[in-house]
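Subject: Handover of a structure, with notes on what was found

Dear colleague,

Please find below the structure that I am handing over to you.

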Amino acid sequence: MSKRKILITGKGSYVGTNFIKWLEQWPDQYEVVELSVRGTEWKEHDFSIYDVVLHVAGIAHVSTDPSKEQQYYKVNRDLAIEVAEKAKQEHVKQFIFTSSIIVYGDGSHINKKRIIDKNTKPQPSNFYGNSKLQAEKGISLLESDDFKVVIIRPPMIYGKGSKGNYPKLASYARKLPIFPDIDNERSMLHIDNLCEFIRLIIKNEERGFFFPQNIEYVKTSELVKRIADVYGKKIKIVKHFNWIFQLVSGKIALVDKVFGNLVYEPSMSDYKENYRIRKFKESIVITEGGKFSD
């Protein structure tokens with residue numbers, strides 16, 4: 001069997017770098033090339049030799065700075081569509097776009113459950129989410145019998161070396177003596193589970209929208225406690241200050257970001273093969289650089 005040739009557009013990204021490492025387990029099955037799509041040189045690259053393009057380039061962090069809005073649309077929407085158009089013109093069979101749960105808007109207030117199901121319509125609450133959604137729409141229009149389009153909307157991705165909210169929470173876990181015990185639920189996705197999911201999507205030549213997540217929802221205080229455990233640190237999870245957080249929920253964005261609710265309904269994330277090879281407890285241990293044993 002000949003190797004599946006994969007082009008990753010977006011050099012040095014967290015997902016792309018980890019996916020390359022992940023595929024090293026199957027050296028006879030996959031051949032991967034990374035391509036920077038900064039500037040215009042990428043336009044000269046021959047896409048026709050690849051079976052799959054995995055597009056991971058983009059501005060990943062959420063910004064509310066209005067001066068950056070056009071940059072988000074230029075990179076997250078226009079560039080993504082342009083790469084997809086080139087892939088189609090040069091007869092690539094499958095195009096995979098990494099979008100985000102953020103197309104549905106932010107997490108809810110502390111007191112409100114927020115469950116996204118198959119009928120939930122995307123409703124971005126910022127230009128980061130809107131740039132991703134518009135890219136999805138533009139890329140989906142290119143789909144044909146010979147050009148399979150995959151849109152992946154992952155929740156918060158975490159793992160060793162990840163950026164964003166997870167390292168901030170890990171820092172709290174290592175430093176704080178106490179942490180609020182607020183009942184919330186978040187969908188999360190460990191990087192290894194995502195990499196295995198993408199591999200299976202390629203192997204099975206899929207098309208369509210996908211919503212991978214870990215098996216377990218995550219409670220923020222439980223996450224912080226698990227991280228503290230890895231370092232042998234005792235952290236007290238307390239309810240004393242919950243009333244303060246409930247009072248400011250909806251007024252202070254950071255509070256809802258950390259303690260709000262945002263989950264995919266479980267069946268949305270089912271797949272015919274198992275991609276969830278890391279359970280929550282193990283994923284935290286390996287993320288923090290420890291060795292896991294049951």
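Where is the place of Glu205? Glu205 sits in the loop between α5 (191-203) and β10. Please keep in mind that this is a predicted model.

**Two residues with positive phi**

Most residues other than glycine have a negative phi. Glu205 has a positive phi, near 50°, in a residue other than glycine. With a relative accessible area of 44%, Glu205 is partly exposed. His91 also has a positive phi, of about 65°, although it is not a glycine. The loop that holds His91 runs between α2 and β4. His91 counts as exposed, because its relative accessibility is 66% and exposed means over 50%.

**Helix α3**

Helix α3 covers residues 127-140 and has 14 residues. From its first C-alpha to its last it reaches 20 Å, which is close to the 20 Å expected at 1.5 Å a residue. Of the 14 residues of α3, 10 are buried, so the helix is largely enclosed by the rest of the structure. The buried residues are Phe127, Tyr128, Gly129, Ser131, Lys132, Leu133, Ala135, Glu136, Gly138 and Ile139. The elements that cover them include α2 (69-89), β4 (94-98), β6 (148-152) and β10 (208-210). At the start of α3, a side-chain oxygen of Asn126 comes to within 3.2 Å of the backbone nitrogen of Tyr128.

Pro122 is in the loop that lies between β5 (115-116) and α3. Its relative accessibility is 31%, so Pro122 counts as partly exposed. Leaving out residues up to four places away in sequence, Pro122 touches Val103, Tyr104, Leu133 and Arg153. Leu133 is also one of the buried residues of α3. Between the C-alpha atoms of Pro122 and Ile102 there are 8.6 Å, while the two residues are 20 residues apart along the chain.

**Strand β6 and Val150**

Strand β6 is among the elements that cover the buried residues of α3, and Val150 is found in this strand. Val150 counts as buried, because its relative accessibility is 0%. From C-alpha to C-alpha, Val150 and Ile202 are 9.6 Å apart in space, and in sequence they are 52 residues apart.

**Helices α4 and α6**

Two packed helices are described by the angle between their axes and the distance between the axes. Helix α4 consists of residues 165-175 and helix α6 of residues 220-230. Their axes come within 8 Å and cross at roughly 60°, and the crossing is right-handed. On the side of α4, the residues that meet α6 are Tyr166, Leu169, Ala170 and Ala173. In α6, their partners are Thr220, Leu223, Val224, Ile227 and Ala228. In this contact 8 residues are nonpolar, 1 is polar and none is charged.

Ser162 lies in the loop between β7 and α4. At a relative accessible area of 10%, Ser162 is buried. A polar atom of its side chain lies 2.9 Å from the backbone oxygen of Gly159. Apart from residues up to four places away in sequence, Ser162 touches Tyr14, Ile157 and Pro167.

In helix α1 (residues 14-23), the buried residues are Val15, Gly16, Asn18, Phe19, Trp22 and Leu23. Among the elements that cover them are β1 (4-9), β2 (30-35), β3 (52-55), β7 (156-158) and α5.

**Arg276**

Is Arg276 buried or exposed? Arg276 is buried, because its relative accessible area is 14% and buried means under 20%. Its place is in the loop between β12 (263-264) and α9 (280-287). The side chain of Arg276 reaches the backbone oxygen of Gln213 at 3.2 Å. That side chain also makes a polar contact, at 3.4 Å, with the side chain of Asp270. With its neighbours within four places in sequence left aside, Arg276 is in contact with Asn193, Gln213, Asn214, Ile215, Ser269 and Asp270.

Yours sincerely

Note on methods:
Residues are numbered from 1 along each chain as its sequence is written. This is a predicted model: local features need pLDDT of at least 70, side-chain atom pairs count only at pLDDT 80 or more; totals for chains, interfaces and linings use all residues. Side-chain values use heavy atoms; hydrogens and water are left out. Axes are lines fitted to C-alpha atoms, for helices over the stretch in contact, and angles run from 0 to 180 degrees between N-to-C directions. Helices (H or I, at least four residues) and strands (E, at least two) are DSSP runs, numbered from the N terminus. A crossing is left-handed if the near helix is turned anticlockwise from the far one by less than a right angle, and right-handed if clockwise. Contact means heavy atoms within 4.5 Å. Ala, Val, Leu, Ile, Met, Phe, Trp, Tyr, Cys and Pro count as nonpolar, Asp, Glu, Lys and Arg as charged, and the others, Gly among them, as polar. The expected span of a helix is 1.5 Å times one less than its number of residues. Buried means under 20% relative accessible area, exposed over 50%, partly exposed in between (1.4 Å probe, protein chains only). A polar contact is a pair of N or O atoms within 3.5 Å; within protein, one must be able to donate a hydrogen and the other to accept it, and residues adjacent in sequence count only if both atoms are side-chain atoms.
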